Each structure stands twice: as C-alpha cells, then as structure tokens.
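Look at the model below, together with its sequence. The paragraphs after it walk through selected features, one region at a time.

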Number of protein chains: 2
Amino acid sequence: MGKAKFTSEDHIYLQVAGGIEQMIAEEVLRIGDKLPSVRVLSEEYGISMGTAFQAYYHLEGKGLIEARPKSGYYVRFNHRRFPAVPNVIQPEPVTSEVTVQEMIMRILRDIDAHDMVNFTLAAPALELLPAAKLNKSVVYALRNGKDHCIGYENTQGNADLRKQIARLAFNWGGKVRPEEVVITSGCMEAIVLCLRAVTQPGDTVAVEAPAYFGIYQVIENLGLKVVEIPSDPTTGADLDCLQQVINDMPIKACLLVPNFNNPSGSCMPDEHKKKLVEMITRLNIPLIEDDIYGELYFGRHRPKTCKYYDTKGLVMHCSSLSKSLAPGYRVGWILPGKFLEQVSALKMMHTISSPTLTQVAIAHFLSIGRYEYHLKNLRKALHTQCLRYIQGVMQYFPEDTKISRPQGGFVLWIELNKKVDTYKLCLEALKHQVSVAPGRIFSNSCNYSNYLRIGYGSPWDDKVEKGLKTLGNLVKKMM
Amino acid sequence: MGKAKFTSEDHIYLQVAGGIEQMIAEEVLRIGDKLPSVRVLSEEYGISMGTAFQAYYHLEGKGLIEARPKSGYYVRFNHRRFPAVPNVIQPEPVTSEVTVQEMIMRILRDIDAHDMVNFTLAAPALELLPAAKLNKSVVYALRNGKDHCIGYENTQGNADLRKQIARLAFNWGGKVRPEEVVITSGCMEAIVLCLRAVTQPGDTVAVEAPAYFGIYQVIENLGLKVVEIPSDPTTGADLDCLQQVINDMPIKACLLVPNFNNPSGSCMPDEHKKKLVEMITRLNIPLIEDDIYGELYFGRHRPKTCKYYDTKGLVMHCSSLSKSLAPGYRVGWILPGKFLEQVSALKMMHTISSPTLTQVAIAHFLSIGRYEYHLKNLRKALHTQCLRYIQGVMQYFPEDTKISRPQGGFVLWIELNKKVDTYKLCLEALKHQVSVAPGRIFSNSCNYSNYLRIGYGSPWDDKVEKGLKTLGNLVKKMM
C-alpha cells in the first residue's frame, strides 16, 4: 500500500480511505483482493488502530469493501462503473406443456471436451473440494460400517447420516428429528420424489422463471404442466404474482429455489419466505423448496429456509451435498414434512435405498466437523471468485452488459444487448473452446434470448480470463 | 462310508450304488451332503476308479445325486418321499388396477428385528459375500479413480464399468458394446427407467404371475395397468396365454423374469425365450427382461437370456450386482437396445448419474476376475442351501406340502393345504420371531393365499432349522 505519514489527526481516516478508494478506481486493487489487516494498516500509515478501523468502516459504508467473518476486509466493487442488474421478464401466466429443449443437449454435449473453458457448470471446481479428507472417511466407513457397508441400507437412509442432516438444519434454525429425514441420490431424485408424492400427470406446478432447466425437464417428463412465476434477480419469486396464479388456476404444488436461485442468483428475503409459507399454508398447497445452494452464502448469516416457517408440514425441503462437498457421492435429502410416508414408499420403489458406503462415509465426515470447516473455506473462495468474475465481465463485455449480484451460489446471470442471441453466441463460443449456458434454456416461454449464465465455480486464472475475453469479443461482434 | 471289500467284480458298482442309496433313504446322507471323490470311493471300497465312476453315474441317472462342475458329487434328493411341485394358477386375464398391498408393509416392518429368523429376503446372507476383497477395490478406486471419485460420473455410467458389464454378457453369449450399457442404482431403478421409457400412464403391461411384489408396486405407482400371465414353477411364463392376451388387448410392454423367477424359481427354457422374442418382435412390443438372478444357476451352464435372441433392439435387459455381490452398492444396469436414448435421458432426470466411487470400485473388482471367482463359490453355497432347505421343509411341514425345484436363485415356492391362509400364518410366525413372505403379495389377483415363499439365502444352521420347524408346526396347527 506504500508508506506514508500523516501529521494532522483530523479526518486522517478520510485521507486513508480516499487513497484506498483511488487504488480501487484505478484497479491497483481489484475486486476480491484482500486488504491489509487493521493492525498492518495502522502500522503502514503510522495511524492508530481506531483510525484504521474508521477508514475501513467508511469504505464499507460506501459499499467499496466488505468485511468477511473471521477473514478480514476485501475489495467489493468499483462503483464508478458497476453495471445495472438484469431486468425481470414477466412470463405469460398461462399454462403451457413444457417442451424438451434440444439446446440443452447441444450445450452439454461437448462440455467435457479437452481444453474447454467451462462456464456452463453450476458447481465448484473439484480442486475446491476436500477429496483427501473425504477418502479418510470412506476408509473409516469400510472399517467400521456394519458388514463393511456391503448390505442394503435402510430405505429412508443411514441412521447416523440422518442425525447429521438433522444437525445441519440447526444452521437455519430448523428443529428436525432424524426420523423426518429421507436420504436420496442427490437433489434431483429428491425433487422427483417430492413431485411424484404430491402430483398426478396432468397437474400444474408453479415454478419461478428463470429456473434451472433440469426442473423443467423433469416436470415435462412426469406429464405435469408448468406455470412460470416472474423472479427478481435480487429478491426472487414475485409473491403477488404467485397469489394471482393460484387464484386463477388449480396449482397442485410450488417448486422454488429461494436461496441463490440458479441462474438468477436471487435470494428471497426471509420475510418473503414467511409470507410465502403463510400463503401456501392458507391454500393447502405443498411447497417443494430446493435449498441446494443455501449453505453457500457470502454474507454473515445463512439465509433462512421456507421450511423454517413451516407449521403444517407442507414444505418439502430438498438439498444435497453435490454442490458443496462431493458431486459424485450422490447424497441428497428431503425433509418431506407431512408427506414422509409417500416419499419413503416412492424411494423404495425407485431405488430400494441409496448406497450404504457413501452414506456412512459422509455421516462420519459430517460428525467430526469437517464439513463445517470445509464450508467456511469454500464460501470464501466462491465469494472471491464471484467478485473476480464480475470484474472480468465488466472488463471484457460491452458497456451495456447487466450483471446479477449473487450473494451466494455459483452463477452470474447476465443480460446482454437485445440484439445478441445468446444461443448463437454459445454455439460460436464452443468453436473457441468456451462453453456457456444460453438464457433461453432457463425458461419455458422462449424468454431470455439475450441472457447468459456464467458459472464461477472454477478459481480465477489465465484460462478463465481468456475465456471471458473470448466471450466478450464474440458479444461485441454480434452487436 | 465304512470300509468293505468286494470279491466279485460283476456289478460291483451296483452294490456300491445300492449302499449309498440306502444311506440316502435312511438320511445318513442328507440332501446337499458332499460325497467322497471318485478316488476316495475307489480306495475305501477297494474298487477301480472306473467302477467308482460307474456307481456315481448310476445314482446320477436315478436323480439321487448330482455332479457339480469342478466340485464333485452331492446328494440331490431322497426320491422316495419327494413332494410334488406347486400347481399353476390361471389368473383371470382381465385388466385390473393394481392396488397397494398393506401386507407387504406389515411383513417388511419387523424384518430387521433382533433375533428374527429371516426367510423373507430373496438375497444372499452377507457372510457369503466377499466384503474384504471388495474393500480393497474401494481403496484402489480412492487412490486411482479420477479426482478420487469425488466428481460427477457420466450419466450413462463409468466407462470402465460399462466395459466390464459388456464383458459379463459373454457369459450368456451376448455381444454387447460398452456404449450400449446404462448403469443404474440397482435393478429396481433399471426397471423403473425401462417402464417409463416405453409406457405412458394408463397403458397396460403384461407380467407373469406369480411375480416379485416390487414389480406390481412400481407398475401401479407409474399409473400403469397390469395383466397377469400364468407361469409354470418349472418353465415360467405361458407363451400361448401371452399371445392370447396380446391379441385381446393393447399391451405396451412385457416384463418378465425368465431366469429363476422370484418367487416361483422357474427358468424359462432357452427355446421358449427364442419363441418369446420372435413373438414380441413380430408384434413390435418391448420386452423388459429382469435377469437379476441369471448368474446364480446351479447347473453346468448359465441359461441364455432373451436379449441373446434379440435382433431388433426390443429387449431391454436389466440386471444388477445386488443379489450376487454387494446389495448396498446399488450397482445395476440396463442394455436398453433401441431405447438407449430415452433411457439415458430418464437416468439424467432421475439422479443425474450414479455414484462414482462404487462404480469405479466394482469395475476394478470385475476387471481382476474376482467376481467370476466369487460367483463359483456363491453358486455352490446356494445350491447346497437350496437342497438343505428343501429337506428341512420336507421334514417339518405336513406331507401334502408341495415345493418348487429351483435351478438357481434364492427362493423356494411352497404350496400348502388349501385350508392354510399363509398371510395369517406369517403374522403368527412373526410372534415366534420368524419372518416369511405370504403368497398373496406375489400376485395382483388375490391368488396364492395358501402359498409361501421361503428364501434360502442364509446358510443352514440350528437357528434356520428351528425357524422351519416353528413354521411347520404353525402350518400343522392351521390345518
């Protein structure tokens, strides 16, 4: 930060803050960079610790830097050129049969190709996951699991794992008993079982838009119809609109991702969640809550879940460890509330039970506190990556690009100039070894044709930067 | 066998055979007992090896003993009091909505209770499975699998595992390419995916009766209707009847267990399989073939599969390792023929992919030849158990009891006097710490109310014997 001495004690903190602000503006300090500790700052500038604190408070108040729990201060953004957030699109609130999207298959086809820069996945890079420590838990399970984990596991799931999942619910204030947990093969099976438990083919389900394409696919595949509820990139599903839709047509279930929606990154404020649960309780409509990103928050506190506000067992809470610990272990769960029996029977019919070994290993990993420890590191890494990717998009994309401000999760939701067809852009990008998801696959109404989802699960490096630069250049060419 | 010397060489083999036959009749030698080797026999009786062979050939011809490949001669049965096989029941060939069977839940509820003698499971006792060797393959997978197996696996399944599954098809003469295999979470998921790939809710599926109750449950649950095809306890589904049913109503798929059907133990002769596949090919009806017990044959050769005779890709072959290697690993597969694309898409929507670690471990276990080695031992053990259990039922059950003659698999299908309601019997048995499956749960037409399925997956011991004795006494009381 360079050394300097101040003679006047008056407003010294403003001078220090101003210096830092200038460095941010000139991109000497970039988004995600860690700032010196308060102690180091006070020593470098020859000021008191209190004054150093004051400088950081001032910059935090301006939104330029932020404190991260137990980690220190980080550059948050350069507000002089920060772009607008993407617009909300109002989907037509009419029932429509979901159609299979060939686009998805095309985009996913080459995703594993060698040398591909992959912005398509909404998942952490494997280097961010604690594989070696997890291996130890597997070896533990082989040695200590009943019959070396070779036998069938209970249909509802391993008892120790269900205890740990119940414990995990403490993080959002949940009081869950192990008997209320059903272990699944990832969150996708959780959602399938929930949908099958509360709907029949031909029924209509309310889903926010934009939403993860897998959700539309599974709904179509189960012979269900979908109504899209518009979702704000900051606060999530529009509850007034949802109420209107429920008034207008027979909705058999709602399926929402309240925390860090994929792709918009929105996080429904807790008071909205409360209101939402009151609404569905009044109308006796089950709510399937996909909370797969809930633990990956960047702020000081984990956002609550809808399940937290559930008094009648109507919220079916779904989550998994696929986005936060071990995608390949396929360990997810449901807190199905009053639908426990139906969900368990369906689990039995679908797969009898989930594998024993992975359940016992994960239960051990969680029980010795390694998951919480890992999460702390993962959250920090993702937060930094998020900010760094935003900066990259700002640097290489056209001026009128709009970018979401996720407060958790893995993805940026980007709105480009209306002239840009992002599906064409994605096909073009594939030719340049860059894979990215076009907006249209996140809706069932052909909206978002100028939107793009960029996953920031991979740590920032030259390859990523080059990939974003390539994308930005392609966008500019298409305008 | 006692020492003896023969002076006349004429018909000495008949004298030796006669002595052994008497020992079998008097139950000095019991079903499943191993006979001395030909060499030992020749030494003991002071006869030539040729004469000793002749004696065994003679007894084998009479059906009293049998040669098992690479193992020697075993007592097969005591034909003087061997019971009849159960009768075929002709189900009414009318479409009926499958109803949920509370019986199943009741029977399964206490299955894990302490001290229960468990005849309900159609699975091997865990002590028959090679847990320690499998552990080594898991450790191998942790060390050598890509990214320590923490990442998502391919939706269709691990490439090495698919190679091994293709290789396994050699056992029944199949020529399968790894690209034609889809890995599933056990055989149950395989069947669900196949049914969903070729049917819509409201469609009708032909199923043999009796059949595993899980098949009826899943069919009901998918909103499908079922037509039952009568099945002979020796030769399996009645093909003339199937042809008639197909002529009479729109059948969208057939679901059969041609090899060692659960519960009847029937094995469809290979020429029937050929005829069956020709029939469904002519009529363009997909056949879902559940071959989960196919490797567990007691004879010299593995029975063929329907898939072997498939020329048009209409046979969807399903199997798993849950009954032969590791129930808790949940590794099954489909050879879906022409429905590969639909099945893969459904797999993606249901669970994204199966767990990576278990797939890599099983691939390794198979690749080093350990599965084939294990199967040889398992087949021998099951064959012995089968014969020993038959003997036990003969000893403790009433004279008029009829017993199936399975040539593979895990279960005996037992017909009792018509006066005996086996569901009541099962509830009564539970009070005596004996769990067994009543016949009625294996059909959708309230048939088999005096039938019983006894699993012989557990090695014979005093507890098993006591359990059979208890059951036999309860049956006698109910007559």
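Which residue is the bridge partner of Pro438(A) in S17(A)? The partner is Leu452(A). Bear in mind throughout that this is a predicted model.

Now step back to the sheet around that bridge. In chain A, four strands make an open sheet, ordered S13-S14-S17-S16. Their pairing is antiparallel. Strand S13 (402-403) and strand S16 (437-438) of chain A are the edge strands, and each of them pairs on one side only. S16(A) is joined to strand S17 (residues 451-455) of chain A by two bridges, again in the antiparallel sense. The contact of Pro438(A) with Leu452(A) in S17(A) is a bridge of this kind.

Turn to chain B. An open sheet is found there too, with four strands in the order S13-S14-S17-S16 and antiparallel pairing. Strand S13 (402-403) and strand S16 (437-438) of chain B each have a single partner strand, so one side of each lacks a neighbour in the sheet. Two bridges link S16(B) with strand S17 (residues 451-455) of chain B, in the antiparallel sense. Here Ala437(B) lies opposite Arg453(B) in S17(B).

Next, the helices and their side chains. Over all chains, the structure holds 26 aromatic pairs. One of them joins Phe53(B) and Tyr57(B), which are stacked, with 5.7 Å from centre to centre and 25° between the planes. Stacking requires planes under 30 degrees apart.

Charged side chains come next. Side chains of opposite charge can pair when their charged atoms come close. The count of salt bridges over all chains is 33. Among them is the one between Lys431(A) and Glu428(A), at 3.3 Å from N to O. These two residues sit three apart in helix H14 (residues 422-431) of chain A, so Lys431(A) and Glu428(A) are separated by about one helical turn.

Lys34(A), Lys70(A), Lys376(A) and Lys380(A) form a patch of positive charge on the surface. Lys34(A) belongs to the loop between helix H1 (12-25) and helix H2 (38-45) of chain A.

The loops also hold some backbone details. Where is Pro263(A) placed? Pro263(A) lies in the loop between strand S9 (251-256) and helix H10 (270-283) of chain A. The bond that joins Asn262(A) to Pro263(A) is a cis peptide bond, with omega about 20°. In chain B, a cis peptide bond links Ala209(B) and Pro210(B), with omega about 0°. Pro210(B) is in the loop between strand S6 (204-209) and helix H8 (213-221) of chain B.

Finish at Arg330(A). Its phi is near 50°, a positive value in a residue other than glycine. Arg330(A) is found in the loop between strand S11 (315-320) and strand S12 (332-335) of chain A.

Note on methods: Residues are numbered from 1 along each chain as its sequence is written. Chains are lettered from A and ligands numbered from 1 in the order in which they are written. This is a predicted model: local features need pLDDT of at least 70, side-chain atom pairs count only at pLDDT 80 or more; totals for chains, interfaces and linings use all residues. Side-chain values use heavy atoms; hydrogens and water are left out. Patches are made of residues with over 30% relative accessible area and no salt bridge: like charges are joined within 9 Å, nonpolar side chains (Val, Leu, Ile, Met, Phe, Trp, Tyr) within 5 Å. Accessible areas come from the Shrake-Rupley method with a 1.4 Å probe; for residues, only the protein chains shown count as cover. A salt bridge is a side-chain nitrogen of Lys or Arg within 4 Å of a carboxyl oxygen of Asp or Glu. Lys and Arg count as positive and Asp and Glu as negative; His and the chain ends are not counted. The place of a charge is taken as NZ of Lys, CZ of Arg, CG of Asp or CD of Glu. Two strands pair if DSSP finds at least two bridges between them. Rings of Phe, Tyr and Trp (its six-membered ring) pair if their centres lie within 6.5 Å; planes under 30 degrees apart count as stacked, over 60 as edge-to-face and the rest as tilted.
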